[in-house]
Every structure is written in C-alpha cells, then in structure tokens.
Amino acid sequence: VLALDPDLVVNAEYTSPATVALLKRVGRRVVEIPMATDIAGIRRAIVQMADVIGDRAKGEAAVAAFDARLPRLVAASTNDKPSPTALIYQINGIASGVGLLEDEALRLAGFRNLAPELGADRGGRIALEAIVMTPPDLLALAGPSDEYRTVVAETLAHPAIAATMKHRSTIILPWRQWICGSPYIADAIETLVAARQRMAAGKPRS
C-alpha cells in the first residue's frame, strides 16, 4: 500500500488493526467505511464515501438513482403467499443466512430464505444432504459449477444437487452483485425478480 503512495486509504471494520495503525503512524489518511449488511447501509456508505472525497452531490445523485430503481424492481415481483423458498449457495457449502444483504434481496424479490431451516453451522455451511432432503424452490449459485478449480467447490457440481434441482429453478447470481454492499445489489434483485416471474408463469427452469 505504501509503495502505491495513495492519497486516501479506505478500510472496513475487518481490516487488520495493525495495518491501519501503521498507515496512520506514517501519516496516511485512513477512513473506515462499515460494510453494508442491508439496503440502508448501502445508502449510508455511498454518502459517507462522497463526503470523504468532497463530492456530496454526486453521492446523493447515486443514492437517488438507486432508490428510483428499487421500487420498480420490487413492484415487479409477485406477492402471492406463501412465498417460494430460495437459497444462495456458494463454494465450500456456504449459504447466505438471515441478517445479510443478500437475505434482504431475496425478501424484496418475493422469496423466503430457506437457509435458516437447513441447519447451517456457525460458518454458514449447510450439509449437502440437507439441501437434497429439503430443496429450495430456487437455487441461486454464486457462479457456474465448472468455474472453480478447487476442492471446496465440488458441492456445486455434485450429482445429487443436479438431480435434486432438475425440476426446480436454478440461476447464477454473480458474487460481484452482492458479496459487498453496493448499488449492484439492484442487479441481483432484478435477476431474482426475473426468476420469480418465470416461476409464477409456470416456467421454473432458468
């Protein structure tokens, strides 16, 4: 970082305290912007970043554009009850639980997050058997199953998953849209809403 000679270093609350302390000790400007875990947090982060760089108007314009898009997406989702279930599933068998940004995205798109009902451990990992026994109506993968060259991604390509989801809906919900709190969460919600509409129309496959 020092070799890059930045005017500003932005960190989140999980950045190494030793690194932050060192940067401050050598006179670098360091600003902490908390990671957004919900839609409201995204708005706050945008405005805070705009204030840091001295362009509040641009930040407020970005928030306004974001807020104008969200109601249109939510209005397009189907609100019949009960809501279909969904699971956002990553490598290493990790699923997105409650209280996270992607959990709010599922709700806004008209889904019920199935993760809390599948016995996730403290790291958010869910046993493959749990998904096979209680499959979601929609399985959202963080990327194509053949995209990863690592053992921890084997669950995404497991034959049991493919067989279980054969008659259900499966979509790709790219990490870049939801892994960090940003306006790109609207793209994730749009993808989820489109899947919800296909399901409501009796076309479960993506």
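**View 1. Surroundings of Leu-192 in the predicted model.** Beyond its neighbours within four places in sequence, Leu-192 is in contact with Ala-105, Leu-106, Ala-109, Phe-111, Leu-138, Ile-171 and Leu-173.

**View 2. The largest nonpolar core.** This core holds 31 residues, of which Ile-185 and Leu-192 touch the most other members. At least two residues each are supplied by helices H2 (39–53), H3 (56–76), H4 (101–108) and H7 (185–200), and by strands S3 (85–89) and S5 (138–141). H7 gives the largest share, eight residues.

**View 3. Packing of H3 against H7.** The axes of the two helices lie 9 Å apart and form an angle of about 15°. Angles under 35 degrees count as roughly parallel, and H3 and H7 are therefore roughly parallel to each other. Their crossing is left-handed.

**View 4. Residues in the contact of H3 with H7.** From H3, the contact is made by Phe-66, Arg-69, Leu-70, Leu-73 and Ala-76. H7 contributes Ile-185, Ala-186, Asp-187, Ile-189, Glu-190, Val-193 and Gln-197. By class, the residues of this contact divide into eight nonpolar, three charged and one polar. Ile-185, listed here on the H7 side, is also one of the two residues that touch the most other members of the largest nonpolar core.

Terms used:
Residues numbered from 1 in each chain as written. Predicted model: local features only at pLDDT ≥ 70, side-chain atom pairs only at ≥ 80, totals over all residues. Heavy atoms only, no water. Core = buried A, V, L, I, M, F, W, Y, C linked by side-chain atoms within 4.5 Å. Buried < 20%, exposed > 50% of the residue type's maximum accessible area, 1.4 Å probe, protein only. Helix = DSSP H or I, 4+ residues; strand = E, 2+ residues; numbered from the N terminus. Contact = heavy atoms within 4.5 Å. Axes fitted to C-alpha atoms, helices over the stretch in contact; angles between N-to-C directions. Parallel < 35°, antiparallel > 145°, perpendicular 65-115°, else oblique. Left-handed = near helix turned anticlockwise from the far one by under 90°. Nonpolar A, V, L, I, M, F, W, Y, C, P; charged D, E, K, R; others polar.
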